[in-house]
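Good morning, and thank you for making time for this item.

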Amino acid sequence: MSRPGSVIVTGGASGIGLAVVEELLAEGWRVVAADLVPESIEKARAALAAHGDKVRVVQADISDEAQVVKLVAETESGFGPLWGVVNSAGIARDIPALETSADIFRKILDVNVIGTFLVAREAAKVMQARSAGSIVNIASVSGIQGNLGRAAYGSSKGAVVVLTKILAVEFAALGIRVNAIAPGPVDTPLVQAVHTDQARAAWLARVPLNRYAQPKEMAGTIAFLLDPEKSSYVTGQTIGVDGGFTAGGLIGL
Ligand code: NAD
């Protein structure tokens with residue numbers, strides 16, 4: 001299928017981002033995967049090599065404004081007109097509020113909120129010339145519900161939910177849609193690093209589908225939100241892709 005342009009996926013070398021890159025390539029998009037960690041970048045390059053010049057895996061720190069400006073400019077001028085962005089880069093910490101330092105809180109806001117904002121802003125600057133584009137942010141159920149240990153992370157994702165609405169309103173006049181997904185627990189390197197066995201059991205007790213998602217299960221909803229045909233009247237929404245977590249109350253006796 002012919003596609004209207006290229007897509008940048010931040011955090012595209014791991015977890016949800018990498019699964020999105022694979023889904024978009026399968027759907028005929030040209031994709032720039034941007035990530036921070038050299039080892040993950042090398043692994044992703046090897047995993048995606050069969051797609052040839054349809055994909056680039058590049059290094060960029062989304063919390064660094066100059067690097068974001070360069071990422072978007074180089075994609076637009078050297079890879080193909082930018083149609084979409086998936087803001088999957090993010091960091092998480094699971095710590096009680098009483099032990100959360102200002103430094104940790106600021107670091108999480110810096111990447112998850114300001115980084116997401118910078119990529120969306122720079123992308124919108126080039127997309128507005130064509131009055132077309134779609135931005136998809138990754139929030140979290142922890143940005144909607146009060147989850148234990150999530151003072152910094154949950155606040156950052158709550159900010160992403162509101163940022164998504166604000167940018168949807170501001171960018172509507174530019175022809176650009178902005179949406180988010182709010183994943184429940186997804187088996188990725190990030191979650192493997194922060195979820196203890198006890199945490200896993202606690203999550204499963206609250207997820208009606210009673211399992212963690214695979215990264216690929218996020219990719220379909222994200223691809224739908226990017227698709228100019230399928231989601232052309234959807235903007236400002238945060239769609240829960242959470243196994244029923246945010247719908248649930250009492251889910252077992
Ligand atoms: P992951 O750690 O597998 O992938 C995140 C990627 O982002 C990593 O490759 C990391 O190197 C990259 N990254 C981190 N900081 C960056 C920066 N400053 N610049 C560029 N890249 C950076 O994690 P994941 O689980 O795939 O998470 C993807 C997104 O989904 C995150 O925003 C996360 O908060 C969100 N999320 C994940 C879950 C889950 O259960 N896994 C649930 C809800 C939301």
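I114 is situated in helix α4.

A word on provenance. This is a predicted model, in which local features need pLDDT of at least 70 and side-chain atom pairs count only at pLDDT 80 or more, while totals for chains, interfaces and linings use all residues. Residues are numbered from 1 along each chain as its sequence is written, and side-chain values use heavy atoms, with hydrogens and water left out.

Helix α4 covers residues 102–127 and also holds T116. Helices (H or I, at least four residues) and strands (E, at least two) are DSSP runs, numbered from the N terminus. Is T116 buried or exposed? With 3% relative accessibility, T116 counts as buried. Setting aside residues up to four places away in sequence, T116 touches I62, N87, V111, N137 and L163; contact here means heavy atoms within 4.5 Å.

Let us turn to the sheet. In what order do the seven strands of the open sheet stand? The order is β3-β2-β1-β4-β5-β6-β7, and the pairing is parallel. Two strands pair if DSSP finds at least two bridges between them. At the edges stand β3 (55–59) and β7, each with a single partner strand, so one side of each has no neighbour in the sheet. Direction ignored, neighbouring strands are turned by 20° against each other on average. Axes are lines fitted to C-alpha atoms, for helices over the stretch in contact, and angles run from 0 to 180 degrees between N-to-C directions.

On one flank, six bridges join β6 to β5 (residues 133–138), the two running parallel. I138 has I181 of β6 as its bridge partner. From β5 the chain passes through helix α5 (residues 151–172) to β6, in a right-handed β-α-β crossover. Right-handed means that, with the strands pointing away from the viewer, the path from the first strand over the helix to the second runs clockwise. Helix α5 lies across β5, β6 and β7, at about 165° to β6. Four bridges join β6 to β7 (residues 238–241), again parallel, and P183 stands opposite V241 in β7.

Elsewhere in the sheet, β1 (residues 6–10) and β2 (residues 30–35) run parallel and are joined by five bridges. V9 is partnered with A33 of β2. Helix α1 (residues 15–26) lies across β1, β2, β3, β4 (82–87) and β6, running at about 165° to β1.

Next, the ligand. Which of the 28 residues around the ligand come nearest? They are S14, D35, Y153, V186 and T188; a residue is near a molecule or strand if one of its heavy atoms lies within 4 Å of it. An oxygen atom of the ligand lies 2.9 Å from an N or O atom in the side chain of K157. For polar backbone atoms, the distance from a ligand oxygen is 2.7 Å at V186 and 3.4 Å at G184.

R150, in the loop between β5 and α5, is buried, at a relative accessible area of 10%. Its side chain makes a polar contact with that of S142 at 3.2 Å. A polar contact is a pair of N or O atoms within 3.5 Å; within protein, one must be able to donate a hydrogen and the other to accept it, and residues adjacent in sequence count only if both atoms are side-chain atoms.

Finally, the backbone. Most residues other than glycine have a negative phi. S131, in the loop between α4 and β5, has a positive phi near 50°. N210, in the loop between α7 (197–204) and α8 (216–226), has a positive phi of about 55°.

Key:
Buried means under 20% relative accessible area, exposed over 50%, partly exposed in between (1.4 Å probe, protein chains only).
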